[in-house]
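Colleague: Hi! Could you walk me through this one?
Modeller: Happy to, here it is.

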Amino acid sequence: MQTLLDRSHYNSNSSTEEPHFVFSGGTTGGHLFPGLAVVEQLRRRWPRARYTFAGAGKPLDLQWVAAANCEYLPVQCQPVSKAPLKALRFLSNQWAGYRDSLRFLRENRVSVVVGLGGYSSAPMARAAVTEQRQLVLLEQNAMPGRVTRS
């Protein structure tokens with residue numbers, strides 16, 4: 001069984017290259033704080049690795065990610081809505097966030113994407129699948145949420 005700490009997971013051209021971890025999601029403490037706890041553990045193994053969070057850019061995310069000395073990539077996204085006009089905006093924003101995430105993955109040597117759950121994790125997680133990057137889903141709930149199930 002491989003774990004997140006197993007070096008064989010990561011796409012790198014050199015065994016000495018430090019990994020780049022992208023944590024996708026946040027927006028609430030229930031999604032964000034488990035991701036920050038994982039970063040804390042990963043830093044014990046890879047103190048010089050690159051750690052980036054990608055999400056909706058909510059003040060909670062920005063404050064705590066900066067305090068953890070991680071990079072932040074705002075990604076266009078919003079929660080799904082049953083209202084027709086908001087549903088169209090949801091599709092438009094998710095598509096834009098997906099395109100931005102694809103661009104980020106193509107321009108950066110990302111080793112693994114960790115999906116934290118919630119609507120803001122979907123664009124980067126889907127881009128990771130498209131780009132055939134390692135994707136780890138971190139689900140801390142007894143019943144997985146909609147994004148994690150899809």
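Modeller: One term before we start: buried means under 20% relative accessible area. Also, bear in mind that this is a predicted model.
Colleague: Thanks! Is cysteine 77 buried or exposed, then?
Modeller: Cysteine 77 has a relative accessible area of 13%, so it counts as buried.
Colleague: And cysteine 70, buried or exposed?
Modeller: Cysteine 70 is buried as well, at 12%.
Colleague: How many disulfides do you count?
Modeller: The count is zero. The rule asks for a pair of cysteine sulfur atoms within 2.5 Å.
Colleague: OK, switching to helices. At what angle do helix 1 and helix 2 pack?
Modeller: About 15°, and their axes are 11 Å apart. Helix 1 covers residues 29-45 and helix 2 covers residues 59-67. An angle under 35 degrees counts as roughly parallel, so that is the label for helix 1 and helix 2.
Colleague: Which residues make that contact?
Modeller: From helix 1 it's Gly29, Leu32, Phe33 and Leu36, and from helix 2 it's Leu60, Asp61, Trp64 and Val65. By class, that contact has six nonpolar residues, one polar and one charged.
Colleague: Is the crossing left-handed or right-handed?
Modeller: Right-handed, for helix 1 passing helix 2.
Colleague: Last topic: which residues in helix 4 are buried?
Modeller: In helix 4, residues 122-130, the buried ones are Ala122, Pro123, Met124, Ala125, Ala127 and Ala128.

Methods: Residues are numbered from 1 along each chain as its sequence is written. This is a predicted model: local features need pLDDT of at least 70, side-chain atom pairs count only at pLDDT 80 or more; totals for chains, interfaces and linings use all residues. Side-chain values use heavy atoms; hydrogens and water are left out. Axes are lines fitted to C-alpha atoms, for helices over the stretch in contact, and angles run from 0 to 180 degrees between N-to-C directions. Helices (H or I, at least four residues) and strands (E, at least two) are DSSP runs, numbered from the N terminus. Angles under 35 degrees count as roughly parallel, over 145 as roughly antiparallel, 65 to 115 as roughly perpendicular and the rest as oblique. A crossing is left-handed if the near helix is turned anticlockwise from the far one by less than a right angle, and right-handed if clockwise. Contact means heavy atoms within 4.5 Å. Ala, Val, Leu, Ile, Met, Phe, Trp, Tyr, Cys and Pro count as nonpolar, Asp, Glu, Lys and Arg as charged, and the others, Gly among them, as polar. Buried means under 20% relative accessible area, exposed over 50%, partly exposed in between (1.4 Å probe, protein chains only).
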